[in-house]
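Hi,

Here is the structure I promised to pass on. My notes on one part of the fold follow below it.

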Amino acid sequence: MKRSFAAWIGDLRSFLRGRFSLDEDKAQCDEVVASVSKGVEFRGVNLWVLIFATMIASLGLNIDSAAVIIGAMLVSPIMGPIMGVGLALGINDFDLLKMSLRNLMLMFIVAIVTSTVYFFLSPLSSNSSELLARTTPTTYDVLIALFGGLAGMVAQTRQDRTSTVIPGVAIATALIPPLCTAGFGIATGQLRFFLGAFYLFFINSVFIALATYVVVRFLRYPKKSFIDPKRERYVKRSMLLITLVTFVPSVFIGVRMVQVSLFEASADRFVERVFQFPHTRVIESTSHYGRRGESSRIELLLVGEPLGDEVIGNARAQLSGYGLEKTELIVRQAASSDKIDVASLQQSYAELLDEKNKRIERMNGLLSRYKVTNVEVEDISREVGTMMPNVRAISLTKGITFDVDGTPGDTTLVCVVTPVDPRRPFDRETLSRWLRIRTKVDNVKLFVEP
């Protein structure tokens, strides 16, 4: 039984190794390095495409269009230098690292200048939802950048690089919109937009490069060797310094973002479960995570029946049960004399809505009264010809009668009849009475051509 179990485990390992192996369709290391290095360089076509992509993304942010922003991310070549940094660190290629960092800085400056010029000249300067979404990075942005970078580098190491992985990674990681938002902050003088957007771009770039480094080391790409020992020590120290300067702050930033996300989730859960009262509602909840020794706090705004100090004190005592021991709870609510009667408020809204509906009905009635419409001349002419054989043609016009001071009066129907024989008798009264009933217009003016 032991041998059977060991054989079963061996078969399972072989099956999983075959399923998850990255050796199939793997490109040569030199081919991958050449491909990534080609995408690192920003000159000519790549530089112009970056400028155009930045303009497209700026337009999308300006008009609050997600579809336009996605299009800009698809054509943007911004992933090249970032993946070049990760690959250079993975294979110990100092020259590639310098070229990647130099082109990354050039790309950053070009994108910032382009977006700043656009937003400075654009007549639209409102803070759209797409702009606001690029100013506050979250833990999810870190995870998206990490897994997106893993997928992108795995796709780069394949022989067939025509798949949809790279465009999908460009959309998911969203590198160009934060740069455009930073340009918006510079153009409009809003520092928080620039800092928040640059913060998001930095986080995304670092974790994409980190993911690239992980894939390179997982695939065991050979590191670059040096003939000169002094040159090798210099390169290793320089790359270690760059790695520490780049990745160590991002680790602290990532940990901080996780802490903020966990705090906000706990605060939302606390408010949802503790502040459930039949006659009191939470209309606004704001959570602030403490920074630099400050205590975290939760601020609530309540309407309805005021809560007593004992109830609020009991809610504060439950903070520790949600992992919010050092959190301050601030509750703002109306005083007893300012108690809000929700039922009366709803009734007032219902009365106001009913009054508006009545006004709309009156206006529709007036509109139908003064509206000039075409009457059914064709049908009426046939009916009149059947009733009165002496009628050869009939003309009907429906309009409004105005007083000399411009005041609109009643609707008037003007009827002009052309008889077959003017000498034969013609029953004008019968035709006028029939037209009033047929057209539902009381004021009928009948004229008979001689």
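V414 has K445 in β6 as its bridge partner. Strand β5 (residues 408-419) runs parallel to β6 where they pair, over six bridges. Pairing here means that DSSP finds at least two bridges between the strands, while strands (E, at least two residues) and helices (H or I, at least four) are DSSP runs numbered from the N terminus.

Before going further: this is a predicted model, where local features need pLDDT of at least 70 and side-chain atom pairs count only at pLDDT 80 or more, whereas totals for chains, interfaces and linings use all residues. Numbering starts from 1 along each chain as its sequence is written, and side-chain values use heavy atoms, leaving out hydrogens and water.

Back to the sheet: it is open, with three strands in the order β4-β5-β6 and mixed pairing. The edges are β4 (391-402) and β6 (443-448); each has a single partner strand, so one side of each lacks a neighbour in the sheet. On average, neighbouring strands are turned by 20° against each other, direction ignored.

Then there's α16, which lies across β4, β5 and β6 and runs at about 140° to β6. Angles run from 0 to 180 degrees between N-to-C directions, with axes being lines fitted to C-alpha atoms (for helices, over the stretch in contact). Contact itself means heavy atoms within 4.5 Å.

Helix α16 (residues 428-439) also meets helix α15 (residues 377-387): their axes come within 12 Å and cross at roughly 145°. On the α15 side the contact includes I380 and V384, and on the α16 side W434 and L435.

Cheers
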